[in-house]
Structures are given as C-alpha cells and as structure tokens.
Amino acid sequence: MAICEFIVNWAGGVPATALPYALAALGLIVSERAGVLNLTAEGLLLVGALAGIGASLAIADRPWVALPAAVLAAMAVGLLFAGLVVLLRVNQVIAGLAVVFFCQGLTSLLGTLAEWQNHPISGLGKLIVWPLSELPAGTHALFQQDGLVYALLPIFYGVHRVLFKSMTGLRLRAVGEAPEAADSAGLGVTRYRVLAVVAGSALIGLAGGYLAVGGTKMWFGGMTGGRGWIAVALVIFARWRPWRALFGALLFGCIESMVPRIAAAGISVPQYFILMTPYLVTIAVMVWAGRGKGGADLDEPGALGRPHVREERR
Amino acid sequence: MASPSFLPAGRLNLEIRTNLAMGRQMLILVGAALIGILVSAAILVAAGVPFGELLSEFVIQTLLDPASRQAVLAQAGPLVLVGLAGSVAFRTRFWNLGLEGQMIWGSIAATALSVFDFGPPGVRLPLMLAAAATAGLAWSGLAFYLKERFRVNEIISTLLLNYVALYLLLDLLYGAWQDPKDSFPHSPQFRDFERLPDWGWPIHGELLLALLATVAVFWLLSLSRFGLYIRFVHENKGAARALGVPVRAVMLASVLLSGALAGWGGFIITDVQEGRLTQSFFDGYGFSGILIAFLARNNPLAAAMVAVLIAVLFVTGQSLQIFYQIPFSMVQLIEAIIVMTVAASEFLIRHRLRWVA
C-alpha cells in the first residue's frame, strides 16, 4: 500500500512540475517558428516569477493579479529582445544571453531592494473539478491541481490551432522558413517576428509566474535553477512541435517530481547527485534527439537564427 | 507607401555599409559602451547610491587608491584567463558557455591534490596547475564530443554541464571535503607551498600566469600556423576543409585550450583569493568571460585590456555591496547592459541611415 501511495503522490505532483517546462517550451516554439532563435527563457522565467511575487506582495495576493503581472513583465523584456534581434539585427545568441544575464541581475537587484525575498504569499490554490472530485479519496492527490494546470490543455490546443491551422500561423511559419520569399509575397517579416517573440515571451512569463505563485509561493534569487535552459533543449527535442513539447515537459515533470520524494521516502542517496539528474537527463534526451540522419536539424525552421536583411528597398 | 502630407517628402533609407574606418568604428563602440555605463549609473542612482559618491568614491578611488588598485589587479588575473578562454573558443564559432563549469572542474582537480597531499611539495604547484588545466579541458572536451558525435548543440550542453559541475562541487563541500576544523562548507586551507608566489606588488604569480597566457594565446592565434587555420575555420568551414585544413582537429584544439584556460582561471581564484575551495568562487566569471571575448572581438590582447576594465567593475561592485548593500549581481546587470548597447551599436557600423528625397 505504501508504494501505491507513493506513486499516486508522485504522479499528482507531475502536472505542477511539468507546467513551467511546457509553457516555456511552447513560448519558445512560437518565437523560433518565426525564425528567431530564443535563448531568453531562463531570464524571462525569473522576470515572470519576480513580477508575480512582487504584484502579490505590493498590490494584492491574488493569482489574477500576479499572473497577468508576470505575463506583462515578460512581454516587456521580450519586446527589448525583439528590438535587439529583429530591428537591430544583433547576433541572436549574444542578445539572448545578454537578456538572460540582464534579467538575472535585474531580478536579484529588485528582489533585494524591494525586500521581496523570502516573503511567503498564499498564491494559487489547488482545486478539484466536479466529476473528478467524486472519485475515491485516495486518488484525490492525482486531480487536486492548480487551476492553471486545467488551463494547460486548452492553451496548447489554442497555440497549435493558431500555428498550424490558421492563416496567421501559416504566415508566421513562412517568415521563419523563408523570410525572403515571405517578404516578396508581401508579408511584414519584421512585424511577424516582433509579435511572435512578444507572444512567446508572454507564455514564458506565465510559466515563470506560475513557478513562483503556484510552486514556491515566494521569491528567492535564481529560483528558476536552469529550467529555462532545459526548456530550450526541450524545443529541439520536440522538433518545434507543441504536442511533442508537452510530452517532453511531462517527462521532465516526472523526473523533477521524483527528486524531493526520493529523500522523503527515506531512500538514502547523495542528494546533490539526485539534483544533477534533470540536467543529465536533458543531455541524454538531446543525444537521443540528435540520432539518425540529420537528427533534429531537419525540422529546424529554415531561417532560425538568421536576421532578415532587406536594404535594397528604394 | 505614401507618406502623410504633414511629413516632409522622402524617407529614411537603410543601406549596408561595408567599410567604415577603424577609428569611426572604435568611436561608435566606445560611445555605445559609455551609454551603457550611463544607463547603469542611472540604475544605481535609482537604487539609492548618490551620483557624486558614484563618481568620486568608486571610479576615482578604485583607480587611485593603492589598496584597491591592487585589488583590481588581483581580480584581473582570472578575468584575463576566462576572457582568453572565451576568445579562443568563439574564434572557431564554438559557443563555449560552460566557462563556469570548467572553472569549477579546474578548481576541484587542483584542490584534490591538496586534499590528498599528492606529490612532493616542490612540484605541488605545477602539478595543481596541470591538474586544473586537464580537468577544465576534459569538461569542455566532453561538450565537443557530444557535439561531434551526437550533434548536441554546445550552447545547451555547456550550460547544462555547468549545473552538473556545480552540484558535484556542493557534494564535495558539504561532504567529503568539508573542512573538519570549522565544519564550514569549504575545503581545508591550502598549504603555503600550494599558493601562487607573491613577490611584492605588482609581481604576483597570478599576474605572471595571466600575462604568460595572454602572450601565448596571442602568438598562437595571430602568429602561428594554427592561428591561420583558425581564421579559415572561422570564415568558412567547408572552404577550409577543401583547402586541406584539419578542421575538426583545429576546432578540438581550440575547445580544449578554452577549457584549460577556464580551468586555470578557476584555480587562480581559489588559490589566490581564499586559498581553499568555496561554494561560489566562480560567481559572475562565466558571463564576464563571454562579455570580455565579445567586447574584445576575440582578440587576445584586447581581451586582456578589457579584462582589466571589468576588474575595475568587479572591485567597484564589491564596494557597492559593502557600503550600499547593492547585491553583487549588479555587476552582472551592468555587464549585460553594456553588451546590449555595444551589440546594438554595431547596427550603425554595418548600416547607414540616409534620407532619400
């Protein structure tokens, strides 16, 4: 019976740990499908997390205040990134890294100066929806989830519809595959890319906000712990496809949800080696994704990382 | 598109500019860096540091006061090494973002010799240097292997390996290597013969090492046959291969050298600053190495000079931390702002805005 309880408990923790990965990877996919290589996730997660906690402490301790704040803050930083790489054509790797370090420095500074560090908030509450709440009490741990978890599938479905079933999505992908062709067809490459980056940043900001408001329920410096980098890897693993990214995120959710429960179950293993596992698994997954002829490169958006240059215009 | 009638006729045209005089380029870059510094100063003022203080206490004091000048030079040693490490890797377009992980490995390997009291005292220091370089290059070599063999993007692998190295460090410091004397999470103090020699200011073993590395890397990249190969690989891998340049060997060599230099950088910090392995000795150096290489355009001599400027920033950041409780990550914020403004200014170097009637 103990093992059964352990599994229910573990599986119940999976959605909450998988959600930040899923949303962040989805945001990155939106941006990269438009041809903008996006390494900013780690920074945007931090900004979203701090904004969520900051809004909760300064305005009102309500998720409907905190999560929009997280989204807006990340969109602002996304706009800065888009300005650098789309308008000014800065190298996308350099700009992405600079934005991450900018966010790390800024959030650490603001968090300390505003004294938002280690102040717990009540944050997002768990809920269980009606037909599931009728199930036997032992399984409630499985379905007692944050509201945002229940919103995850609609969000993924919506983004999938927009990217692959709508005219906007077709144009966005055209801009990412062959900007010159899209341009001669009359599409505003700059506009699509800026909008894609900002929309993607909104999703990553939501992920960051959830991490703080739904997860830790407090702010501490560097609290994202490399999840943004794992999300960047997830996108390659998912070959820029939303549903595959969701699957990958669940995989990481399973691993991360296992980490604290191993120690709690009284199994003695060196804790720091356990903490290494998400990173090692990410590398292993990348090795798996790169197998075969061409590997993941085949599915990479054609113009990923390449700025669109059009000077000849008269 | 027709302009509304209240605007003057004509519009701004964007043209590619291929040859801008070196002097003008420098002017634009320095101007951009100054804008970045001004933005940073504005943030510091907003954070509660009086503007007058900022100028007198930190900028002038840091450069004129002998004690802080010494601190700047002490800080410059490891920064030169990580800056060189970044430059060497970026020359072959290998994004080695794992400088911190390689620094950690370098320090762990060198500290291992001290912990296990390995080798006679007379050659302990050279052994520690060799161990630091070997461990650093092994860690960067791992990322290279993953890229070559399994096509794992090095941006991701090097960054993730940083976390793996960090947790190994924590495992050692909270476990096997915890100092038994005070039970703090740091390794036991290095012995005297394990510390880099100090022959009185400014001749310190650390600076000699940094200087030596700068000259060696300069020779390698600018004067040797290897440097020529690297230039080929940087410009066009396919063409280089067709011309008979051993592309893979050149890339491997530069990645390994990068890791070795970063390993040394890590070792120097542990050896000179605290004389023991600590949990966060590498903080801020990884991005600094990337920043230095970027600002120096991967030129080793320029990297050494930029590293000294960043060292001034580091020492200033430490004073700000002590006197104004500004977190040290402010240094990181300033670095990121400068990268952004300088990178953005390259737009003006590569393009010309012209009014077309």
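What pLDDT does chain B average, and what share of the residues score at least 70? In this predicted model, chain B averages a pLDDT of 88, and 96% of the residues score at least 70. For the complex, the predictor gives an ipTM of 0.89 and a pTM of 0.91.

**Contact between the chains**

The contact joins 36 residues of chain B to 39 residues of chain A. On the side of chain B that touches chain A, the elements giving two or more residues are β1 (11-16), α5 (121-150), α6 (154-173), α11 (285-295) and α13 (329-350) of chain B. Of these, α13(B) gives the most, with 12 residues. By class, this side of chain B has 28 nonpolar, four polar and four charged residues.

**Domains of chain B**

The domain assignment of chain B gives domain 1 (19-49 + 335-357) and domain 2 (67-325). Taken over C-alpha atoms, the centres of domain 1 and domain 2 of chain B are separated by 28 Å. Five residues from domain 1 of chain B and seven residues from domain 2 of chain B make up the contact. The domain 1 side of that contact in chain B divides into three nonpolar residues, one polar and one charged.

**Helix pairs in chain A**

Two packed helices are described by the angle between their axes and the distance between the axes.

| Helix pair in chain A | Axes come within | Crossing angle |
|---|---|---|
| α1 (residues 2-33) and α7 (residues 147-165) | 11 Å | roughly 15° |
| α2 (residues 41-58) and α4 (residues 92-113) | 7 Å | roughly 20° |

The axes of α1(A) and α7(A) cross at roughly 15°, which makes α1(A) roughly parallel to α7(A). Their crossing is left-handed. From α1(A), A:Pro15, A:Ala16, A:Leu19, A:Ala22, A:Leu26, A:Val30 and A:Arg33 meet A:Leu148, A:Val149, A:Leu152, A:Phe156, A:Val159 and A:Leu163 of α7(A). By class, the contact of α1(A) with α7(A) has 12 nonpolar residues, no polar residues and one charged residue.

The axes of α2(A) and α4(A) cross at roughly 20°, and the two helices are therefore roughly parallel to each other. The crossing of α2(A) and α4(A) is left-handed. On the α2(A) side, A:Glu42, A:Gly43, A:Leu44, A:Leu46, A:Val47 and A:Leu50 take part, and they meet residues of α4(A) including A:Val99, A:Phe102, A:Cys103, A:Thr107 and A:Leu110. The contact of α2(A) with α4(A) has nine nonpolar, four polar and one charged residues.

Conventions: Residues are numbered from 1 along each chain as its sequence is written. Chains are lettered from A and ligands numbered from 1 in the order in which they are written. This is a predicted model: local features need pLDDT of at least 70, side-chain atom pairs count only at pLDDT 80 or more; totals for chains, interfaces and linings use all residues. Domain bounds come from an automatic or database domain assignment. Two residues are in contact if their C-beta atoms, placed from the backbone, lie within 7 Å. Ala, Val, Leu, Ile, Met, Phe, Trp, Tyr, Cys and Pro count as nonpolar, Asp, Glu, Lys and Arg as charged, and the others, Gly among them, as polar. Axes are lines fitted to C-alpha atoms, for helices over the stretch in contact, and angles run from 0 to 180 degrees between N-to-C directions. Helices (H or I, at least four residues) and strands (E, at least two) are DSSP runs, numbered from the N terminus. Angles under 35 degrees count as roughly parallel, over 145 as roughly antiparallel, 65 to 115 as roughly perpendicular and the rest as oblique. A crossing is left-handed if the near helix is turned anticlockwise from the far one by less than a right angle, and right-handed if clockwise. pLDDT is the predictor's confidence in each residue, from 0 to 100.
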